[in-house]
Amino acid sequence: MNDSDLDALIGSALRARAGQLTEADLSPATPPIGRAADQHSGAGRWHRWNWSAPLLAAAAVTVLAVGSTVVVRSLSSTPARPGRPSVGIGTNPPVSQSPSPGRPISSSPGSSSPRPSGSASTSPPRIGDPAPQYDLGYQPLWPFGSYQQATQWIVSYRSQGSQPWHLDAAQTALDFTRSYLGFTELTTVTSSRFDGQGAHIGVGYRNPNGTPVTSAVLHLVRYGQSGESPWEVVGSDDTTFSLEIPSYGSMIGSPVTVGGHLTGVDESIRLSARSLSAGLVSQPVPPIPAGGDNQPWRGQLTVRLGGVLTLIASTGGHLQAVERFAIQGVRS
């Protein structure tokens, strides 16, 4: 139905209603029974209501007709819009259900997500567990070659109390010096310092006056994240006698150039290399003469390659065979 048809229909309805009005509709109505004829104010109100009834009816029809026309015209003039999801003010847009990169939606029974680097399981290790992973952050030199070996010691310590010295940084440093390096004359812990990088333990001897003399300061870290994690030697804090070449943790071949700086008088530097599993893996070389104030020194060493190696430089001969030493952890 268009607008002209609707207007014609409304006009016909209005004319039909006007034609139904009679003389009785237009004459004054009789007041209700029980109301006195001389009550002019009441009769006047009833008279006005009798006249207004048909007029209000006609007006109501007109208003409805006009409103209908406006609504129909408004709807017919509004263009259609394509459908789209509505997002109200203060609401969140729809969230994508696609999986995050690198994270599976589901895993098969028994599978697990890989651990991030630098972390380890916090649950107690048990015999028969898969080899755990742990990023020490340094080159492990002694006494453990891997985190699995360190956790195996924890199991043994809990069950049998085995080798409790692994929990003592100072004792570990001294045992490394005497047992692993073979510097049996160095029997004294001369200093201990702990910070965010681990433990720094001075080892050395006492001079003829009984005064402690530091031969080297060893750097140790815990091989794990618990209070039961054992201490591991990872290097030395060099001062007046340093081993700088090759660089820490680097890959080497054979022969390997070894060097650093030294402050001293009439020194004689001896070089060697050790592995955790095979012990001494270097061929003997003549001592390197050195001396002066922070003077460079250099030499070459032939080694048997394989795994992690500890390069060792030592000097002495004044009061005892070994008076100072420095170490460097490398890979081969």
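Strands here are DSSP runs of E with at least two residues, and helices are runs of H or I with at least four, numbered from the N terminus. Two strands pair if DSSP finds at least two bridges between them.

This is a predicted model, in which local features need pLDDT of at least 70, side-chain atom pairs count only at pLDDT 80 or more, and totals for chains, interfaces and linings use all residues. Residues are numbered from 1 along each chain as its sequence is written, and side-chain values use heavy atoms, with hydrogens and water left out.

**Stop 1: the hairpin.** Select residues 188–195, which are strand 1, and residues 198–206, which are strand 2. The two strands form a hairpin, with 2 residues between them. Their pairing is antiparallel and runs over 7 bridges. Now pick D195; opposite this residue, in strand 2, stands G198.

**Stop 2: two cis peptide bonds.** Go to the loop between strand 4 (231–236) and strand 5 (256–275), where P246 is found. The peptide bond from I245 to P246 is cis, with omega near 0 degrees. P255 also has its place in the loop between strand 4 and strand 5. Select S254 with P255: the peptide bond from S254 to P255 is cis, again with omega near 0 degrees.

**Stop 3: positive phi.** In strand 5, select D266. Phi of D266 is near 55 degrees, a positive value in a residue other than glycine. D266 is exposed, at a relative accessible area of 63%. Then move to strand 7 (residues 288–301) and select N294. N294 is not a glycine, yet has a positive phi of about 55 degrees. N294 is partly exposed, at a relative accessible area of 46%. Buried means under 20% relative accessible area, exposed over 50%, and partly exposed in between (1.4 Å probe, protein chains only).
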